Amino acid sequence: EKKWGSINSTQYDKRILSIMEQFFRNHPLSRYKFWQDNTSSHRSYETKLNLLLRYIPIIQAPRYLPDLNLIKYMWNWIEEHYWYV
């Protein structure tokens, strides 16, 4: 778990989407899109609304397709090599 505990839609907006909003504001002509999986905080009405209000373009992952979610592999690698040494 993150040091701020389990993440709900409000925490996700505060800690993640606010940063992503700044990124997209700083890159207005980019073709970047924000990838998120389908955890409950990502699927909530509040999150979907905040993504729209913050003008964050997204790529929505299928409901469950872990092989396409490459960030999970990256987090596992980081945890193995840096946090649990």
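Here is a short walk through this structure, from its overall layout down to a few residues.

First, some ground rules: this is a predicted model, where local features need pLDDT of at least 70, side-chain atom pairs count only at pLDDT 80 or more, and totals for chains, interfaces and linings use all residues. Residues are numbered from 1 along each chain as its sequence is written, and side-chain values use heavy atoms, leaving out hydrogens and water.

Let's start with the big picture. The protein has four helices and two strands (DSSP runs numbered from the N terminus, with H or I of at least four residues for helices and E of at least two for strands). Reading from the N terminus, the order is α-β-α-α-β-α. Of the 85 residues, 25% are buried, where buried means under 20% relative accessible area, exposed means over 50%, and partly exposed is in between (1.4 Å probe, protein chains only). Among contacts with a separation of 6 or more, 59% join residues 24 or more positions apart; a contact here is heavy atoms within 4.5 Å.

Now have a look at helix 3, residues 45-53. Its buried residues are Thr47, Asn50 and Leu51. Viewed down the axis of helix 3, these fall within an arc of 105 degrees, so they line one face (the arc is that of the directions from the helix axis to the C-beta atoms). In general, an α-helix has 3.6 residues a turn, so residues three or four places apart point the same way. On the face turned away from the buried side of helix 3 you'll find the exposed residues Tyr45, Leu52 and Leu53. The cover over the buried residues includes helix 1 (9-26), strand 1 (34-36), helix 2 and strand 2 (58-60). Just after helix 3, Tyr55 has a positive phi of about 55 degrees.

One of the residues in helix 2 (residues 40-43) is His42. His42 is buried, at 12% relative accessible area. Setting aside neighbours within four places in sequence, His42 touches Tyr12, Gln36, Asp37 and Thr47.

Finally, the outside. Ile71, Met74, Trp75, Trp77 and Tyr82 make a nonpolar surface patch with about 540 Å² of accessible area together. Such areas come from the Shrake-Rupley method with a 1.4 Å probe, and for residues only the protein chains shown count as cover. Trp75 sits in helix 4 (residues 70-83) and is partly exposed, at 38% relative accessibility.

Definitions and conventions: Patches are made of residues with over 30% relative accessible area and no salt bridge: like charges are joined within 9 Å, nonpolar side chains (Val, Leu, Ile, Met, Phe, Trp, Tyr) within 5 Å. A salt bridge is a side-chain nitrogen of Lys or Arg within 4 Å of a carboxyl oxygen of Asp or Glu.
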